[in-house]
Amino acid sequence: MSEVVLSGVVKRYGQVTALAGVDVTVPSGQLTAVLGPSGCGKTTLLRCLAGFERIDAGEILIDGSRVAGGGRHLPAHRRNIAVVPQEGALFPHLSVADNVGYGLDRATRRSDRVEEVLTLVGLAGYGARMPHQLSGGQQQRVAVARALAPRPSVVLLDEPFSALDAGLRAGLRHDVREALRADGATGVLVTHDQGEALSVADKVVVLRDGRVIQAGAPTAVYREPVDAWVAGFVGDAVLLPAVVEQGSARTALGVLPVTGPVTDGPVTVLVRPEQVRVVAGSAGVTASVLRHDFHGHDALIGLRLADGTRITARILDGGAACPVGGQVTVHVDGPARAFPAQTTSTTSVLVDLAA
Amino acid sequence: MRRLAPRPALLAASTAAVAVALIPLAYLAVRTAEAGWDRIAAELWTERVGLLALRSIGLAAVVTTACVLLGVGTAFLVTRTDLPGRRVFAVLAALPLAVPTYIAAFAWVSTVPRWEGFWPAVLVLTLCSYPYVLLPVAAALRGADPAQEEVSRSLGRSGWQTFTAVTLRQIRPATAAGALLVALYVLSDFGAVSILRADTFTRAIFVAFDMGFDRTGALVLSCVLVALTVLLLTGETATRRRGARYSRLGGARRPASRLPLGPARWPVIAVLVGVAGLALGVPAVSLGRRLAAGVSRPGALAEVLAAAGNSLTVSLAGAALTMLLALPLGLLTARAPGPLTSLLDRLAYLAHALPGVVIGLSLIFFGINVAYPLYQTWWLLALAYATLFLPLAVGAVAGAAAQSPVGLEEVARSLGRGPWTVLRTVTLPLILPGIGAGAALVFLTGMKELPATLLLRPTGMDTLATELWTSTAVGAYAAAAPYAALLVAISALPTWLLVARSGLLDKEERA
């Protein structure tokens, strides 16, 4: 259980700057997700933390003691940071028990620590199997158990679920979070999947172009994104041009209460599709239904307002009340988040998100 | 994107290994230059050298063309048609690799009287070498994505147009690689052309050295042969760059649909059986006939055992030295690819492409003049093997190192294990089997090496290959037969590995 602090970390590969001064605090005993699109530097960040790469500037502290920076580079095997790579990377020549016991000293290996962590990941009794006899999900569980076994300061998970199919992924990431929690481990999860980051992490760090754009609790990042890009990256977003007057924004969806540090004048406001309610009657703005994407548990309805603005609504029932081409009435629940006005049109942002 | 840390120790060891492998080449250049330009010119601009060049190049060209036709044709028949008994024919077509060319030549001269000259050499060399084209092309045909052919058909191209426009291009890199191998092999072949009395560079070099101790003549001829080899290698590099590698764009492996041969299958089968009969049947019958007489000769068994013991010893020494040199270079190739690494790799390959006669000749002069304590010992011969077979071993080590990806070592380090522990507990256990296979390959290849062994063996020490050579030279075919049979048995093992690895033996998936 340890707190990790990165400050001003810079990493360059020749001409390419992968990390351009990253400041992150990983709280002790929690799971922190580093979220970003591919190429944002999140894997580099993880490799610098683990000690596989030397940083060019800044410093990395674990429990207050410096492991990298200022001319110091503690080699990977002295950092007490265990990694779980993307494909698990189990040692193919060792049994499950020997894999899990790899990081333990001789005495601990003979204790019941191996079976204990195997139980944590739901693989009690699998110790004698060889890696090739396991499914992909089981291999990932063993990789997590192997990383947990020596009680490292930090466990680094590098997109550990990305190679699995969707059904398996949800169950496994829940189990892994529970295993980390039960063992009191500090974890860093690198991922490009916003759903994964929001659902399992205690803290989310959004990375873009080698910089931290936002860091905070999942709810804060989702509800109070610092800019329109983060808003769109962490979830479906309806971005509308608006004018703020005395704490309320005039938008195509009517006058909405706003949050966020804005002064009166033109702004861009964020409304999440689940805030847009499709209601019966005439109390609200009328819209025509353009498309209807059924997802099973809910549905996304594409709408066009009278002034031509396109928006998206998320509805929970089957959507029989919203036939394509029909007219509906919509209104917005809760406040909208306001950002300084942006130039990109609202529709192009929506198209990006749909893709 | 991910840069690997420079590895100075590995780089230094690799450079040293390549330097050792290049001793023969460097020394050849030094000795030849000592003769002075006038003497070199006098030896070089003669009608004989011109004739030798014409004959060597002609032999290489004719054999390579024949091998490409035979190899590509057979590969297509056994992988892409409904030929009955495809797998049997595939194995039969690959098996001639197990017959060293000088043994095939011996089998032919001991069976057909007056079987000598250019065209007999073409026949024997083609029958022995066409598997070098067959194996890579068959692997490429099996691995090629059939979807590309299907797309071509769906865009309105006929079967034949698709074959020429898509299939032949898919297999072009494999064909070029196989053809290069054949051409290099023919240029450097010594045993077969000597037994069949086809006067080429390798034979002329040996004769010049053996008969008159004509140093300058032998050295100049060697240099011309080296120049031809380098020219071929350069051409190969150029085609490699252009041909790139045609990779499959994801997707699962799916067998291509098979071309029905219909009534044409009977003549096709007749041709394949005929080729197999010439390539395998003639040596088998010839060896079988002579073997009984050869073994029953008084004292034969003791002689054969002594020669086998000598072969074993020098090949073991050669394999040990080769692996020692190959380890750093192989690890460097696998772990730190880059321009410097590929330069070292190419240089090692250059030594491999040199004819054994040239290596042997150069090392004799090296032994007499520079390293006299090594002269007339196994070690000079082991050095020749190391030079000749280094790329085989480097390939095995690099392939084995790929079995232990860097990611595994990183995980091990993150679990608190230091570099040496990681090497001992993760890297070595994963790569040792591959390295062992590489050592075995070098060992078995060394057992059948002829020209360098002939030149460098300590006086009075005979190996299986040299005993065969000596007996054949005096027409003692029965005495030669036991050595030939043993050598074929030894060659069969690496051949089998090669065939198994090419995928020709894999069970076919149902389409």
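A: **A helix pair in chain B**

This is a predicted model. In chain B, the axes of helix α5 (residues 86–94) and helix α8 (residues 131–143) come within 9 Å. They cross at roughly 140°. Angles over 145 degrees would count as roughly antiparallel, so α5(B) is oblique to α8(B).

Which residues make the contact? From α5(B) come Ala90(B), Ala93(B) and Ala94(B). From α8(B) come Pro131(B), Leu134(B), Leu135(B) and Ala138(B). The residues of this contact divide into 7 nonpolar, no polar and no charged.

Next, the contact between chains. Here 16 residues of chain A are in contact with 16 residues of chain B. On the side of chain A that touches chain B, strand β7 (residues 81–84) of chain A gives the most, with 3 residues. The residues on that side of chain A divide into 12 nonpolar, 4 polar and no charged.

Finally, chain A as a whole. Its secondary structure comes to 10 helices and 21 strands. The C-alpha atoms of chain A fill a box of roughly 75 × 45 × 35 Å along the principal axes. Of the 355 residues in chain A, 42% are buried. Among contacts in chain A between residues at least 6 apart in sequence, 67% join residues at least 24 apart.

Technical notes: Residues are numbered from 1 along each chain as its sequence is written. Chains are lettered from A and ligands numbered from 1 in the order in which they are written. This is a predicted model: local features need pLDDT of at least 70, side-chain atom pairs count only at pLDDT 80 or more; totals for chains, interfaces and linings use all residues. Axes are lines fitted to C-alpha atoms, for helices over the stretch in contact, and angles run from 0 to 180 degrees between N-to-C directions. Helices (H or I, at least four residues) and strands (E, at least two) are DSSP runs, numbered from the N terminus. Angles under 35 degrees count as roughly parallel, over 145 as roughly antiparallel, 65 to 115 as roughly perpendicular and the rest as oblique. Two residues are in contact if their C-beta atoms, placed from the backbone, lie within 7 Å. Ala, Val, Leu, Ile, Met, Phe, Trp, Tyr, Cys and Pro count as nonpolar, Asp, Glu, Lys and Arg as charged, and the others, Gly among them, as polar. A residue is buried if 20 or more other C-beta atoms lie within 10 Å of its own, exposed if 12 or fewer, and partly exposed in between; C-beta atoms are placed from the backbone.
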